[in-house]
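Hi everyone, thanks for coming. I'd like to walk you through one structure this morning, going from the whole chain down to single residues. Let me put it up on the screen.

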Amino acid sequence: MNADNRRLDWILGGAILALLILPWYRIRAGFFSFDWLGDFFAEPDLWPGLFQALIGRWQLWPIILLTAAALYLRLRAPSGAGRGRAMVWIGALGLIWLAVEGLSVGTRGWNWGLLEASFGEVDGQPAFGAGAVVLSLFFTCLISFGAAERGALKGDAFVLTSIALLILLVGAFVFYPILSIFTGAFQDFDGSFTTEGVRRNIADPKIWSLGCLTGGACGVAWRTFFLAICTATATTLLGLAFALVATRTRFPFKKSLRLLTVLPIITPPFVVGLALIMLLGRQGTLTQAIYSVTGIELGRWIYGLTGIWLAQVLSFTPISFLVLIGVVEGVSPSMEEASQTLRAGRWRTFRKVSLPLMAPGLANAFLIGFIESMADFGNPLVLGGSGGVLSTEIFFSVVGAQNDPSRAAVLAAVLLFFTLSAFIAQRVWLSGRSFATVGGKGDGGTHAQLPARVAWPVIGVVSAWSLFTVIVYAMILFGGFVKLWGLDHTLTLEHYVRAFGVTFEGGFRWTGVAWNSFWTTMTIALIAAPLTAAVGLLTGWLISRQTFPGKTVFEFVLMMSFAIPGTVIGISYIMAFNLPPIQMTGTALILIVCFVFRNMPVGVRGSVAAMAQLDGSLDEASLTLGAGSGRTLRRVILPLLRPAIMAALVYSFVRAITSISAVIFLVSAKYNMATAYIVGLVENGQYGVAIAYSSVLILVMITVIGGFQMLVGERRLRRRPVPPAAKEATV
Amino acid sequence: MNIKSAAIAAGAVMGMPVLAAGAAELNLICSADVVICEKLVTEFEAGHSDINVNMVRLSSGEAYAKIRAEGRNPQTDLWWGGTGDPHLQAAADELTSVYESPMLAELQDWAVEQANVSGNRTVGVYSGALGWGYNTQIFEQKGLEAPACWADLLNEGLKGEIQIADPNSSGTAYTTLATLVQLMGEDEAFEYLKGLNANVAQYTKSGSAPVKAAARGETGLGIVFMHDAVSQSVEGFPIAVVAPCEGTGYEVGSMSLIEGAQNPDEAKVFYDWVLTADAQNLMPEAGSFQIPSNKAAKVSDKVPDISQIKLIDYDFAEYGSADRRKELLARWDAEIGGRAAE
């Protein structure tokens, strides 16, 4: 018995067992509660696939026949290219049929009016359950095993299966939701096809009007676009200033400047907006101080685009700093020295040599700022005034009383268009240009100091902005300890007690209102983090160590999912996963899946970067000694990647705690997340508790990141840990 | 290896509902203030240790949207609170189920009327009249006169000082819109709202947010239900509460069981409990000053005395209907557009 047959036996056994024993459809109380075992015989909806087919669910017969065909191939055909081709066909047909029947037959019969007209009535079916999931994995494995038997990728079944599973998962959890937004736009409440909603919204002047150029009001698409341009410009300039100060001046607090880069990762996204209201709102501390000194009334200017812009610049400047510091450091000093040797002054060198060499970094920082601003949801929600931006408009067109999914779809398409264009522009810009100045030749020397006429203004700006940031964060911490912000500044612990109180009367109880969402958040973040790291690492390994056709497309598509704004993800998830075939709304699972596929690209980047440092001869040695590629990954590569794994773990943990835009759609009564809960508090004007809760979250994340730093810090002697790809933060 | 990874993946896909196992459950959407929502849940769980309540707070518009979106597959069992209109609309869409509570006999007439209008798909749990709260400090500083009537709100001195919610997302604001239409006539009401728009600084998302902003001095005046304004002044903010002199509308905060709910029995236990006088007496403690629907419930002395307020004969059947609502909202969108004069 050879390896081809052995692995085929395993999956065939699994598939047949699944058809005979596992419930085909989803169980409401949850599969692993095993409550269903009791009613198994009485309740036809709990029956496995084969019996479902026997009681008249004809749509399952093709699945059973295809499984039987695979069994026949195993028993009658020798392993080889011919059987491989047949297996690929069976697997592909099986997956296609699963998708087709799952999407066509819903809980109440046909999903589309057209199908009912052509085929007549059909019984409804619940969502896919354990049996269907196992069968879809079986068909996927069948494709990859078949391809292995045909000799693809040197017949490496492990690599092929990894690729096939990743494509299946990305298809189901990234592309299917996005597609379902657009089908949702064309579907009426009762399931019939209509273009009315899309036609009404696509040319809506509220989206596209350019009236502000002539003194009126602009459409929401253009307002978001202008805002993103302004934010990107400001964050890039400020980020550059910070990077220059950190590398090319004698500024005394360079170390603490670098601490700033951690801030955007640990700050829940709307907290900055909240602090700005407390500082600069009409009754804000600063506003009042200015009023009492000068008598100028500043009013409500913070609400609206100006305020959002300020909050975004505060939030995203550290990200741009992080991107630019590498670039500014990377410009080789020898170029600048050459320029100075040729008698150019410091100012001329800076203008003609240093700045142009930083151009790709600047473009990169600008595009990241642009995408971040477009996708930002927390700050506009808190500071938005009445106008709103695309991401909040999408939110309200779904949750508002209008409940207009086609409007949400049109707005989501507009937002996707903007961010994906920026993303593609960034890719195109960065490839095809070489700004390499770090060559193999030793380039001694240090960077030239900034010319004085640049240095002083830059240091001034950086100091002022840092001070502002510090004040804003001090505000956040302080706000949790005062009774009523703006009215009664008595110090109190009341908010913390309300949020995180415990009592020992009648046994230990968590009485604080925040505990529920706090533990849910922690649990979900802890479950999502290792899964994210695992999927990211596996993908990173495939991309950097394997060659297969379509690899560039594969990589591009994976990275693209990062450019999809959270609001779009959230809305697409509720549209896609509320109804069969895949039904996850109201569970913790939908939150976990959402985090895994949103944060995966970070893990991918991290592991690609880390793997680039490992010499390929290590894998080759292991392979030559007879280990399979799976074993090589497990025993050789993974142990060497420890720092990258840790970074991916911590990063996805923290991201799961701080994200809001996607989460706000996906929380349910039972699984409420901290950020969604805090937004509710802010909406209700309970700033004290909201701030107290946010401060606790920030502390938790600092502890986690600090602990991680201490853990990997010891390794620094031999190898530099891969920094978490923080430039991707808070999309 | 492969079967193992398949098993792990399958486990990951299906394992999560594990967390769902355990005691009886109740999934509750609460559309009133988060404090009273939490208070009710805590007290209910203290008395019914066998039922675990999962509560999420959503404004009544959001709640209706969620229940409608989940119509084919409800995740919610019970919807408590929020203005009556969306509850009536949900009843008309048959998203909520028929239930005649044994508590009906103990309820005020207006609460029972709400059940009658909807064919027992919803019931009144509290009531409150529309009005506004203004920040006395700001009005003093600016030397403004206290507005006593709807017409006073058009005063030019109030420019940028008024907040009201967006009727697309808030039941409070929709009640205001419907009240004005019934009070003045539709065209006149929209003329009035256009005039008002010049003074409105912001259309908020949540119904009670305007008076909370006024309490903090971020705006001068918020058009809200009077009980929301009362709770701000009880908390110590400089808020004065006004009932408009021309007359005003009111809401019947309602409660509905969701059709096809997963835990209908638990939902009925909560339903009956929350209609008792004892449960309704909790409301003032949590800073909610609506008029309770149980006749035996104590009425807090801070609750605005409804006999002193000129109430219009609010037509819940007409203004709660989907078509009328859609029509009014579409007109509001077209003519007022949620765009403040900034």
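Let's begin with overall size. For 731 residues, a compact globule would have a radius of gyration near 27 Å, and chain A comes out at 28 Å, which agrees. That radius is taken over C-alpha atoms, and the globule rule is 2.2 Å times the number of residues to the power 0.38.

Quick housekeeping: this is a predicted model, where local features need pLDDT of at least 70 and side-chain atom pairs count only at pLDDT 80 or more, while totals for chains, interfaces and linings use all residues. Residues are numbered from 1 along each chain as its sequence is written, and chains are lettered from A and ligands numbered from 1 in the order in which they are written.

Back to chain A. Its C-alpha trace spans about 85 × 65 × 65 Å along the principal axes. The secondary structure comes to 34 helices and six strands; those are DSSP runs numbered from the N terminus, with helices being H or I of at least four residues and strands E of at least two. Buried residues make up 50% of the chain. Here, buried means 20 or more other C-beta atoms within 10 Å of a residue's own, exposed means 12 or fewer, and partly exposed is in between, with C-beta atoms placed from the backbone.

Next, domains, whose bounds come from an automatic or database assignment. Chain A has domain 1 (3-155), domain 2 (220-434 + 446-474) and domain 3 (517-728). Domains 1 and 3 of chain A have C-alpha centres 30 Å apart, and ten residues of domain 1 are in contact with six of domain 3. Contact means that two C-beta atoms, placed from the backbone, lie within 7 Å.

Over in chain B, there's domain 1 (20-127 + 252-303) and domain 2 (129-250 + 322-335). Their C-alpha centres lie 26 Å apart, with 17 residues of domain 1 in contact with 18 of domain 2. On the domain 1 side, the largest share, four residues, comes from α4(B).

B:Thr179 sits in helix α7 of chain B, residues 171-184, and is buried, with 25 other C-beta atoms within 10 Å. Leaving out neighbours within four places in sequence, B:Thr179 is in contact with B:Leu130, B:Thr248, B:Gly249, B:Ile312 and B:Tyr314.

A:Ser661 is in the loop between α31 (642-658) and α32 (663-666) of chain A. Is A:Ser661 buried or exposed? Buried, because it has 28 C-beta neighbours inside 10 Å. Residues A:Ser661 touches, not counting those up to four places away in sequence, include A:Ala375, A:Phe377 and A:Pro565.
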